[in-house]
Every structure is written in structure tokens, then in C-alpha cells.
Amino acid sequence: MDVNKKIEEIINSSEVVLFMKGTPEMPQCGFSMVAVNILKHLKINFNSFDVYSDENVRQGLKKYSNWPTIPQIYVKKEFIGGSDILKEMFEKKELTKFFLDKGIQINK
Amino acid sequence: MAIKQSELETLLKNAFPNSVIEIKDLAGDDNHFSAKICSSLFKGKNKVEQHKMVYKALKGKMDTELHALSISTEEK
């Protein structure tokens, strides 16, 4: 299967999708852990994909989003950023409004 | 994977002249840095675009030579 097709399938699998290193239960990198913790803190339903499980997706994703690092967060198919941007929005108290504006359920 | 802090600084200074650039070595292994950049070049750009400008400045070294870079950008 064409890697871009697989990437899009993953992105379409949920309203919020987190490409990460490892899993939410066992993050394998500090930046991925930060992203997971923020999404868990806001109690947002999200799908995650462990890029260590598929090297083609890991490399293909960099071209797909023109973003060289992991994690990568997608909301309703739109690339939102990596851990730094998610953390900055969270710390500036912009994230809750952002998700609500996108029609994403937050149950704090 | 590793890159000297001085090289990282040069790459960022070349891409962001007349800007405030603060680099911190997070682990002492030439592989984990943070970079805070305050530049007028970010004006009118959203966060993703600003961070992409920083990655572009690294000329392909991000995630190939440099393992981790925590980025913070600000418009001047």
C-alpha cells in the first residue's frame, strides 16, 4: 500500500490522531510523552500510532507534513504541530478553546 | 547523531539575522538542545510556519544529525 494512503487512513481513523514514538501507555520519547500527557489531561479521545511499528510511515510522515520530527498531532485531518506547539498552546490556555472551536469533546 | 552547539548557533544566526537566539544544551550530548528565537521574520506567520522556518534553517540536520530540539518562537 502506498505510504501516503496508509498515513491518510491513520489520520482519518479519529478526529484527533497522535503519531508518536511508543504508545500512550509506554511513550518511548520525552516529546511524545508530553503530547500524550496533555491530551490525557484534557481527557480528549484520540487515536495514536507508534511510528516505531512502521518505518515507512515514520519516514513518509516527514514528507507528508513537511515536518521532520515526531510527535505529530492532527485534528480533523489538519496538522496542528508537534509537542512544542501543543505545549505552548496548553500553557497559554489556548488549547481548550482551540479544541472546542474544532468541535472536539473535552471532558475535564 | 550529534551536532555541535556552535554549528547549531551558526545555522540559526544565518537564517535569522538581527534576531535574539538563545540556545540551551539540555543533555550535554550534542543531541538535545532548546532554541528560543525572537525574530521579525516570524511576523504574520502561524506557529507551524514559524517552526518550519526553524527546521528549514537546520538544512536537513533535524532528526538526521540532531536528535532533539525544543523550539520556542516569538515575533519581534
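How many residue pairs are in polar contact across the interface of chain B and chain A? The rule finds six, both residues of each pair being at pLDDT 80 or more. A polar contact is a pair of N or O atoms within 3.5 Å; within protein, one must be able to donate a hydrogen and the other to accept it, and residues adjacent in sequence count only if both atoms are side-chain atoms.

This is a predicted model, in which local features need pLDDT of at least 70, side-chain atom pairs count only at pLDDT 80 or more, and totals for chains, interfaces and linings use all residues. Residues are numbered from 1 along each chain as its sequence is written, chains are lettered from A in the order in which they are written, and side-chain values use heavy atoms, with hydrogens and water left out.

Start with the interface. On chain B, 13 residues are in contact (heavy atoms within 4.5 Å) with 15 residues of chain A. The two chains bury about 1200 Å² between them, and 59% of that is on carbon and sulfur atoms. Buried area is the accessible area (1.4 Å probe) that two parts lose on being put together, summed over both. Three residues, B:Lys52, B:Tyr55 and B:Asp63, supply 40% of the area that chain B buries against chain A, more than any other three residues.

B:Asp63 also takes part in a salt bridge with A:Lys62 (2.7 Å, N to O). Between the chains the count is two salt bridges. The term means a side-chain nitrogen of Lys or Arg within 4 Å of a carboxyl oxygen of Asp or Glu. On the side of chain B that touches chain A, α2 (47–57) and β3 (68–75) each supply at least two residues. Helices (H or I, at least four residues) and strands (E, at least two) are DSSP runs, numbered from the N terminus. By class, this side of chain B has six nonpolar, four polar and three charged residues. Here Ala, Val, Leu, Ile, Met, Phe, Trp, Tyr, Cys and Pro count as nonpolar, Asp, Glu, Lys and Arg as charged, and the others, Gly among them, as polar.

On a 1 Å grid over the protein atoms alone, a cavity is a set of points where a 1.4 Å probe fits but cannot get out, and a pocket is an open set with protein on both sides within 12 Å along at least five of seven lines; lining residues have an atom within 4 Å of a point. Grid points are joined across faces, edges and corners, and a volume is the space filled by probe spheres set on the points.

The structure holds one cavity of 30 Å³ or more. The largest cavity has about 190 Å³ of space. It is lined by 18 residues, and the closest to its centre are A:Phe31, A:Thr69, A:Ile70, B:Tyr55 and B:Leu69. α4(A) gives the most to this lining, with three residues.

The largest pocket has about 240 Å³ of space. Its lining includes A:Lys87, B:Glu22 and B:Ser70. α4(A) gives the most here too, with four residues.

Last, the backbone of chain A. A cis peptide bond joins A:Ile70 and A:Pro71, with omega about 15°. A:Pro71 is in the loop between α3 (55–65) and β3 (72–75) of chain A.
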